[in-house]
Amino acid sequence: MSANDVPWWREAVVYQIYPRSFADSNGDGIGDLAGITGRLDYLADLGVDAVWLSPIFVSPMRDFGYDVADYCAIDPVFGTDADFDELVDGLHRRGMRLLLDWVPNHSSDQHPWFVESRSSRENPKRDWYVWRDRQPDGSPPTNWMSQFKGVPAWTHDTVTDQSYLHVFLSEQPDLNWANPEVEAAMLDSLRYWLDRGVDGFRADVVNLIGKGSDVDDLPDDLVTMPLLATDRSFGHELLTRIRRLLDSYPHDPMMVGEVYLLRSGESASYLGTPEQPELHLSFDFRPLHTPWDAGRMHQAINKMETDFVEPGWPTFVLSNHDRPRHRTRYGTEDRARAAAVLTLTTRGTPFLYAGEELGLEDGVVPDDRIVDPDGRDGCRAPIPWTSDGDDESGHGWPTRPWLPFPANASTHAVDVEVGEPTSMHTLYRQLLSLRREHDALRRGSMEMAAVDDDVLRFERVLGNERLVILVNFGDRQAPWPGELADGQLLVSTDPERVGVGSHVGPAEAVVVAIGA
Ligand code: NOJ
Ligand code: CA
């Protein structure tokens, strides 16, 4: 617990690192753990509280780590056990926490469990995965389609003349959580990392484990989206047991689940109840799927506010390693600056995606450099640490990295932005320190006003403290609300603004304190 018994993860700002793309210590072109450790002062200075690493475990990298071949070992491309311990230690010494990415729904097809499972129908691990006979006409066992590549979610294996389920790539067979041995082995993997000092996990597509071995045909409109269709009570049962395990550790480890259910309320239901808690946090990706539009954003946030009522607690995410960056989606630096205010002032735990504090755009990846099976290379472009370099190399990377740099890397490099008063980095740093100073931003209630003139307005209130946030989604000036004329300006995304005024500029966002 932190001060006043508020759990740390409700007050934290989490920073997601895609390890391959962050910093390379040994010059193989791939970011690694020692690279991250070398940049911890940068993170501490920025002011984030916890770091989430996308998977670092042994993997053939068909899905760049989301295909795990050993849940309890670090892939050599990322470093050694000693590198990992040094990273944990370096974070903890600076007061930051570490979350690992746990991928419970599927393993790699190279995982020894699957190698055994596919070897014969009698193998003791056969039932660790989901095997079915083909239909008499030779078609797949059910109508499920994979999330990638538009192919069936079943691959036929000639060794035993049966098909196995894979909601993602055929190299990512789904584990069968209906088998208690699978549950026991996967819970052991959590214990392993908790014993090594990690502070929690981001759980990949965690609602999917609830399907167990229940894989009947889906309704026609959901055939391509088994991810959205597998909201089962068994998943909730499993998560209460996972939560009990986490709660048995004294250092308050947390789990944030990727619950890819965009429909109202379903993602929040994975927090469980006070009697039977499940996840600590459950992503709701509605804002991430919302265009730059005041009305639509208002609706998305309002829905989250309705779904994530106390003791539930929302998250706020605009970018991650699966979607074009919001700087790219929204199209301008000004909008991305306003989005930073939104991210760091709404009620909930914000998740930042490394590089958004620099206003990075997606990389433009030529056809011959595409590596991801699902077209997500752009948002995974490497972080430019220095301005000297081109699209392909330099920027503080010892050799050409695995992907080209983001567009405009030279003007958005760390060495250009840090300390530069008008940079995106300075704005994020300012907002992060504002969150630390103002309890209302971390713990206050949130009151949404109706959208007026393309301006989204909400208030964060705690005790005598009242902060008003205005975000102008429009391309034109909007009038400054009269009742805020005497307010105290705390932040504006417009570096020229000196105080409250007569208007809110196009794509400007402000935080204003009003009288006690
Ligand atoms: C969601 C992850 O965020 C994504 O990157 C991955 O490809 C799939 N889950 C499969 O693990
Ligand atoms: Ca490396």
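Biologist: Start with the ligand. How far is an oxygen atom of ligand 1 from an N or O atom in the side chain of Asp-63?
Modeller: The distance is 2.6 Å. Bear in mind that this is a predicted model.

Biologist: Noted. What is the distance from a polar side-chain atom of His-106 to an oxygen atom of ligand 1?
Modeller: That one is 2.9 Å. Arg-202 also makes such a contact, with a polar side-chain atom 3.0 Å from a ligand 1 oxygen. Overall, the protein covers 97% of the 300 Å² of accessible area that ligand 1 has on its own.

Biologist: And how many residues surround ligand 1?
Modeller: There are 13. The closest are Asp-63, His-106, Asp-204, His-321 and Asp-322.

Biologist: Which pocket is that?
Modeller: Ligand 1 takes up the space of the largest pocket.

Biologist: Now the backbone. What is the phi of Phe-64?
Modeller: Phi is near 45° there, a positive value in a residue that is not glycine. Most residues other than glycine have a negative phi. Phe-64 sits in the loop between strand 3 (57–58) and strand 4 (70–74).

Biologist: Is Phe-64 buried or exposed?
Modeller: Phe-64 has 9% relative accessibility, so it counts as buried. The cut-off for buried is under 20%.

Biologist: Which loop holds Val-205?
Modeller: The one between strand 9 (200–203) and helix 7 (226–229). Val-205 is not a glycine, yet its phi is positive, about 25°. Val-205 is buried too, because its relative accessible area is 3%.

Biologist: What about the peptide bond from Glu-310 to Pro-311, cis or trans?
Modeller: That bond is cis, with omega near 5°. Most peptide bonds are trans. Pro-311 is in the loop between helix 9 (294–307) and strand 12 (315–317).

Biologist: Switching topic. Where is Gln-172?
Modeller: In the loop between strand 8 (162–165) and helix 6. Gln-172 is at 0% relative accessibility, so it counts as buried.

Biologist: What lies 2.9 Å from a polar atom of its side chain?
Modeller: The backbone oxygen of Tyr-66.

Biologist: You mentioned helix 6. Why does its length agree with what a helix should span?
Modeller: Helix 6 has 16 residues, 180–195, so at 1.5 Å a residue it should span 22 Å. Its end C-alpha atoms are 22 Å apart, which agrees.

Biologist: What happens at the start of helix 6?
Modeller: A side-chain oxygen of Asn-179 comes to within 2.8 Å of the backbone nitrogen of Glu-181. Just after the helix, Gly-197 has a positive phi of about 100°.

Biologist: Which residues of helix 6 are buried?
Modeller: Among them are Val-182, Ala-185, Met-186, Ser-189, Leu-190 and Trp-193. An α-helix has 3.6 residues a turn, so residues three or four places apart point the same way. Glu-183, Leu-187 and Leu-194 are buried as well.

Biologist: Last one, helix 11. How many of its residues are buried?
Modeller: 11 of its 13, so the helix is mostly covered. The buried set includes Arg-335, Arg-337, Val-341 and Leu-344.

Biologist: And how far does helix 11 reach from its first C-alpha to its last?
Modeller: Helix 11 runs over residues 333–345 and reaches 19 Å, close to the expected 18 Å.

Key
Residues are numbered from 1 along each chain as its sequence is written. Chains are lettered from A and ligands numbered from 1 in the order in which they are written. This is a predicted model: local features need pLDDT of at least 70, side-chain atom pairs count only at pLDDT 80 or more; totals for chains, interfaces and linings use all residues. Side-chain values use heavy atoms; hydrogens and water are left out. Helices (H or I, at least four residues) and strands (E, at least two) are DSSP runs, numbered from the N terminus. The expected span of a helix is 1.5 Å times one less than its number of residues. Buried means under 20% relative accessible area, exposed over 50%, partly exposed in between (1.4 Å probe, protein chains only). A polar contact is a pair of N or O atoms within 3.5 Å; within protein, one must be able to donate a hydrogen and the other to accept it, and residues adjacent in sequence count only if both atoms are side-chain atoms. A residue is near a molecule or strand if one of its heavy atoms lies within 4 Å of it. Accessible areas come from the Shrake-Rupley method with a 1.4 Å probe; for residues, only the protein chains shown count as cover. On a 1 Å grid over the protein atoms alone, a cavity is a set of points where a 1.4 Å probe fits but cannot get out, and a pocket is an open set with protein on both sides within 12 Å along at least five of seven lines; lining residues have an atom within 4 Å of a point. A molecule sits in a cavity or pocket if more than half of its atoms lie within 2 Å of its grid points.
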